[in-house]
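Good morning, and thank you for joining this group meeting.

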Amino acid sequence: QVQLVESGGGLVQAGGSLRLSCAASGRTFSSYAMGWFRQVPGKEREIVAAISWSGGNTYYVDSVKGRFTISRANAKNTVYLQMNSLKPEDTAVYSCAARLGTYWSGSVCYTGVHEYEYWGQGTQVTVSS
């Protein structure tokens with residue numbers, strides 16, 4: 001069982017930056033592939049970024065490429081999402097998710113909602129224009 005707790009959300013002006021953190025419980029964090037998703041009311045949850053359990057591969061949705069960076073610090077059981085050049089359309093509830101990896105999936109980034117086993121409660125990000 002893994003518990004995930006997000007932090008770092010808030011209100012920021014367009015063009016600003018935020019860094020989201022997702023702290024995970026448990027001693028095997030390094031074995032989990034991680035993802036950041038976001039959701040706005042009335043829309044489906046969408047993948048924002050993902051990182052393989054090895055940390056060697058990352059994925060970004062096109063709308064955030066060049067602006068967002070996902071990273072992980074296994075010693076701290078934490079995954080980060082650095083968000084720069086924020087836009088009003090980035091406003092959403094951001095959630096992190098975890099999926100236990102296998103020996104063969106060290107380079108895999110999971111992008112589907114149903115591919116993840118554990119979810120945090122989410123943190124609100126609001127970007128004003």
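Predicted model: local features only at pLDDT ≥ 70, side-chain atom pairs only at ≥ 80, totals over all residues.

Let us begin with a pair of residues: S71 has Y80 as its bridge partner in β8. Residues are numbered from 1 along each chain as its sequence is written, and side-chain values use heavy atoms, with hydrogens and water left out.

A word on terms. Strands (E, at least two residues) are DSSP runs, numbered from the N terminus, and two of them pair if DSSP finds at least two bridges between them.

How is β8 placed relative to the rest of the structure? Five of its six residues are buried, so β8 is largely enclosed by the rest of the structure. Buried means under 20% relative accessible area, exposed means over 50%, and partly exposed lies in between, with a 1.4 Å probe and protein chains only.

β1 and β3, the latter spanning residues 18-24, run antiparallel and are joined by four bridges. S7 has S21 as its bridge partner in β3. Taken together, the strands form an open sheet of four with the order β1-β3-β8-β7 and antiparallel pairing. Its edge strands, each pairing on one side only, are β1 (4-7) and β7 (68-73). From one strand to the next, the twist averages 15°; the axes behind such angles are lines fitted to C-alpha atoms, and angles run from 0 to 180 degrees between N-to-C directions.

I turn now to charged side chains. How many salt bridges does a search of the whole structure find? The search finds four, a salt bridge being a side-chain nitrogen of Lys or Arg within 4 Å of a carboxyl oxygen of Asp or Glu. One of them joins E46 to R38, with the closest N and O atoms 2.7 Å apart. E46 is partly exposed at 32% relative accessibility, while R38 is buried at 6%.

R38 also meets D90 in a salt bridge, at 3.0 Å from N to O. D90 lies in the loop between β8 (78-83) and β9 (92-100), and R38 in strand β4 (residues 32-39), so this pair ties together parts that are 52 residues apart in sequence. D90 is itself buried, with a relative accessible area of 1%. Through shared partners, salt bridges join R38, E46, R67 and D90 into one network.

Another salt bridge is formed by the side chains of K65 and D62, again described by an N to O distance of 3.0 Å. D62 counts as exposed, at 60% relative accessibility.

My last topic is the aromatic rings. Six aromatic pairs are found in a search of the whole structure. Rings of Phe, Tyr and Trp (its six-membered ring) pair if their centres lie within 6.5 Å; planes under 30 degrees apart count as stacked, over 60 as edge-to-face and the rest as tilted. Among the pairs is Y103 with W104, which is edge-to-face at 5.9 Å centre to centre and 85° between the planes. Y103 is exposed at 72% relative accessibility, and W104 is exposed at 73%.

Y116 and W119 are likewise edge-to-face, with 6.2 Å centre to centre and 65° between the planes. Is Y116 buried or exposed? Y116 is buried, at 7% relative accessibility, whereas W119 is partly exposed at 24%. Ring pairs link Y116 and W119 with F37 and Y110 into a cluster.

Y110 brings us back to charge: the charged end of R99 sits over its ring, 4.2 Å from the centre. The criterion is that NZ of Lys or CZ of Arg is within 6 Å of the ring centre and within 35 degrees of the ring normal. Elsewhere, R72 lies over the face of F29, 4.7 Å from the ring centre.

Thank you for your attention.
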